[in-house]
Amino acid sequence: MNSAETFDYIIVGAGSAGCVLANRLSADPKTRVLLLEAGGRDWNPWIHVPVGYFKTMHNPATDWCYLTEPDPGLNGRRLQWPRGKVLGGSSSINGLLYIRGHRRDYDHWRQLGNTGWSYEDVLPYFRKSEDQQRGEDPYHGVGGPQAVSDVRIRRKLCDAFIDAAAEIGIPRTDDFNGVEQEGAGYFQQTCRNGRRCSTAVGYLNPVKSRKNLTIVTHALVERILFDGRRATGIAWSVKDNACEARARTEVVLSAGAIGSPQILMLSGVGPAVHLQATGIAPIHDLPGIGRNLQDHLQIRSIYRTREPITLNDEVNNPIRKMLMGLEYALFRTGPLTIAASQVCVFTRTDPGLDTPDIQFHIQPLSADKPGEGPHKFSAFTASVCQLRPESRGWIQLKSADPTAYPAIYANYLSTEKDREIAVKGLKVTRRIAETSALGGLIAAEHEPGPDVRTDQELLEYARNRSQTIYHPVGTCKMGSDSMAVVDERLRLHGIEGLRVVDASIMPTLVSGNTNAPTIMIGEKAADMILEDARR
């Protein structure tokens with residue numbers, strides 16, 4: 001494309017929200033849209049095999065491979081933070097789990113002053129995006145770009161875990177995104193016919209040939225261009241070749257909870273004192289950019305089983321492993337169709353709570369670290385996370401160089417409440433494991449292990465072994481207080497012609513997985529952008 005070409009909209013980031021925007025904003029053939037993506041095309045075949053996240057996470061060809069700063073709450077450990085660097089963004093490398101969060105999450109956003117973001121306001125956008133395998137109902141849609149399907153394989157171990165949850169009073173459910181979130185059951189996943197349906201597959205592929213949509217990959221955005229306090233375009237590079245484009249109407253950042261605040265700060269928009277210390281001349285002082293960082297922290301318990309009924313046994317057997325591949329190639333069924341977890345549980349650590357405060361992800365396999373090879377013994381993993389952590393972290397620049405990664409301070413377990421729920425969550429795990437439904441299948445608790453008994457020992461285990469569950473949000477939060485970055489229409493405070501549309505705008509973390517809510521944000525933002533343009 002020509003340098004300094006002009007478009008109506010420039011979208012930075014072809015991820016869970018960016019692909020939605022590219023589809024919706026380019027629907028009018030008179031509207032020119034430019035979509036910039038730092039990664040490449042989604043040609044890696046492992047992207048499209050559901051279990052392929054084992055191959056695409058921590059792979060620099062498809063993952064930014066971020067690393068947090070040493071975290072005091074985790075005894076100084078640094079965590080790997082995978083983020084998609086490919087068309088489809090994190091929806092191309094995530095665990096494929098379709099969870100929207102609790103209705104109270106969105107009602108709380110509205111109570112914070114964000115008009116138009118209550119549950120009743122956002123439900124139509126969840127339905128609009130969805131192509132639900134089970135059909136249409138008041139909570140689900142059909143015919144949308146985002147395929148949502150049931151798991152294609154069920155296992156004795158997973159059924160037993162659901163039975164065990166019921167044994168301690170957790171109701172069974174087959175829909176965590178309907179009338180009631182609380183319960184135990186199988187996840188649904190973002191797949192169609194046994195293949196991953198990323199936003200690149202669902203939203204971008206059907207429209208990529210539109211003449212008014214230009215997609216540029218391997219585009220490293222360096223800064224936003226301004227005329228005074230109006231965003232007018234984007235400067236980026238492709239293989240060291242400098243490029244620019246102008247935006248007639250708006251620039252939209254959809255680079256995620258790490259990328260969007262980084263680009264804003266590189267462009268001179270952010271905490272003025274920090275920018276000056278980094279050698280960047282401030283254009284607009286917005287102290288909330290990069291703050292309010294939130295993430296779900298998963299604490300994994302691993303149980304050895306008495307029988308060879310886990311994926312460990314299948315993956316470690318060359319013949320069974322070959323048969324798994326053959327089954328997938330012929331029928332798109334079998335173990336290669338599984339998402340990052342099969343069973344989900346939403347429950348409460350205290351029966352007096354109004355809503356669930358913890359979530360379980362149950363995997364019929366085990367490993368020392370997510371993304372690594374399975375253990376050589378039969379085992380499964382029960383991972384628990386606190387749904388609404390109080391801990392807040394931040395992101396800041398290390399350098400004015402766009403190629404330098406920012407510093408990520410996750411600040412996990414920094415409040416007494418979060419430490420308390422970490423311990424309570426592990427205790428709930430043990431209660432489930434001790435039931436008659438599940439106990440007969442368990443040979444031993446491998447981690448934390450029978451010697452870890454007291455609250456302090458359980459907390460220390462959490463500090464030493466917990467991992468991110470890949471849900472960073474909040475660094476360009478929506479609101480009207482002094483630390484808010486965007487308003488309820490996702491327009492940057494104090495800047496014209498610039499919006500942020502991704503998970504960074506969430507004022508508080510949703511109670512569940514974040515991909516579906518980010519797609520919803522993209523759908524709602526597209527409507528708002530088009531409405532404002534008509535005015």
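Modeller: Here is a short tour, one topic at a time. This is a predicted model, where local features need pLDDT of at least 70, side-chain atom pairs count only at pLDDT 80 or more, and totals for chains, interfaces and linings use all residues. Residues are numbered from 1 along each chain as its sequence is written, and side-chain values use heavy atoms, with hydrogens and water left out.

Biologist: Thanks! In what order do the three strands of the open sheet come?

Modeller: The order is E5-E6-E8, with mixed pairing. Strands here are DSSP runs of E with at least two residues, helices are runs of H or I with at least four, and both are numbered from the N terminus. Two strands pair if DSSP finds at least two bridges between them.

Biologist: Which are the edge strands?

Modeller: E5 (130-132) and E8 (188-189), each pairing on one side only. E5 and E6 (residues 146-150) run parallel and are joined by three bridges; glutamate 130, for one, has glutamine 146 in E6 as its bridge partner.

Biologist: Now, which residues are buried in H5?

Modeller: Tyr119, Val122, Leu123, Tyr125, Phe126 and Ser129 are buried. Buried means under 20% relative accessible area, exposed means over 50%, and partly exposed is in between (1.4 Å probe, protein chains only). Their cover includes H4 (103-111), E5, E6, H7 (199-204) and H15 (515-534).

Biologist: And valine 510, buried or exposed?

Modeller: Valine 510 counts as buried because its relative accessibility is 0%. Valine 510 is in the loop between E25 (498-500) and H15. Beyond neighbours within four places in sequence, its contacts (heavy atoms within 4.5 Å) are Arg100, Asp105, Tyr106, Trp109, His296, Leu387 and Pro517.

Biologist: Switching to charges, how many salt bridges does the structure hold?

Modeller: There are 34, each with a side-chain nitrogen of Lys or Arg within 4 Å of a carboxyl oxygen of Asp or Glu. One of them joins glutamate 496 and arginine 230 (3.5 Å, N to O). Glutamate 496 sits in the loop between E24 (467-468) and E25 and arginine 230 in strand E13 (residues 230-238), so the pair ties together parts 266 residues apart in sequence.

Biologist: What does aspartate 532 meet in a salt bridge?

Modeller: Aspartate 532 meets arginine 489 (3.0 Å, N to O) and arginine 535 (2.9 Å, N to O). Arginine 489 is buried at 15% relative accessible area, whereas arginine 535 is exposed at 72%. These residues belong to a network of salt bridges that also includes Glu250, Asp487, Arg491, Arg499 and Glu531.
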